Amino acid sequence: MMVQLLCSNKVYEKLKQELSKYQIEIMQDSDLVLVENGYDIPSGKLIVVFDAIDYMDVVKLLVSGVREHIHVMNTLTGFSENKFAVIEPRDVLYVEAGSDGIMAYTKSNRYSIKETLQYYENVWVAKGFIRINKSQLVNLLHVKEIIPWFNSRYVLRMDNNAELEVSKMFSKKLRSTLKI
């Protein structure tokens with residue numbers, strides 16, 4: 001995939017770095033143009049206008065479209081008990097960043113995985129994954145119960161009976177996503 005960028009130098013560098021992670025190239029003559037709010041909109045091309053502060057939303061939008069074509073993003077390889085396993089995202093209950101690194105939890109096991117939490121948040125958003133606090137990403141398909149907690153927070157009880165806390169900062173996004 002190729003895109004053209006019309007934005008400030010500061011945003012350009014950030015976008016360039018993020019887009020390269022997903023093999024999205026920046027080309028001046030691309031038919032898809034990402035335009036920072038306030039810049040002139042070119043005619044005759046497909047345009048996505050964004051605010052500088054929300055530039056990561058543009059990356060998420062592009063990655064969700066690209067994701068379907070990249071097989072490797074439809075699975076992940078986890079390491080557990082001296083063995084590697086290929087896991088489908090739908091089997092992952094949640095992903096957690098901790099002292100042991102990034103771990104993916106399924107109903108029956110936990111696996112050490114390589115990428116960052118931010119990577120899985122970007123790539124798996126269309127698969128129903130949502131960030132619930134600074135160190136956990138949860139698959140909403142495996143949430144058994146949502147328990148209101150004090151101070152505008154929630155506790156999610158998962159299929160494996162693990163209880164995960166939704167921080168105040170991320171509870172608004174959860175409410176918006178689930179329309180609660």
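Tyr-119 counts as buried in this predicted model, at 17% relative accessibility, because the cut-off for buried is under 20%.

What about the rings? There are seven aromatic pairs by the rule used here. Tyr-119 and Tyr-120 make one of them: the ring centres sit 5.2 Å apart and the planes meet at 85 degrees, so this pair is edge-to-face. Trp-149 and Phe-150 form a tilted pair, because their planes are 35 degrees apart, with 6.1 Å between the ring centres.

| Residue | Relative accessible area | Class |
|---|---|---|
| Tyr-119 | 17% | buried |
| Trp-149 | 42% | partly exposed |
| Phe-150 | 54% | exposed |

Phe-150 lands in the exposed class because its 54% is over the 50% cut-off. Trp-149, at 42%, ends up as partly exposed.

Back to the tyrosines: Tyr-119 and Tyr-120 also belong to a cluster linked by ring pairs, together with Tyr-22, Trp-124 and Phe-129.

Ser-80 sits in strand β5, which covers residues 76–80, and Ser-80 is buried at 10% relative accessible area. Which residues does Ser-80 touch, leaving aside those up to four places away in sequence? They are Asn-109, Arg-110 and Tyr-111.

Conventions: Residues numbered from 1 in each chain as written. Predicted model: local features only at pLDDT ≥ 70, side-chain atom pairs only at ≥ 80, totals over all residues. Heavy atoms only, no water. Helix = DSSP H or I, 4+ residues; strand = E, 2+ residues; numbered from the N terminus. Buried < 20%, exposed > 50% of the residue type's maximum accessible area, 1.4 Å probe, protein only. Contact = heavy atoms within 4.5 Å. Phe/Tyr/Trp six-rings, centres within 6.5 Å; stacked < 30°, edge-to-face > 60°.
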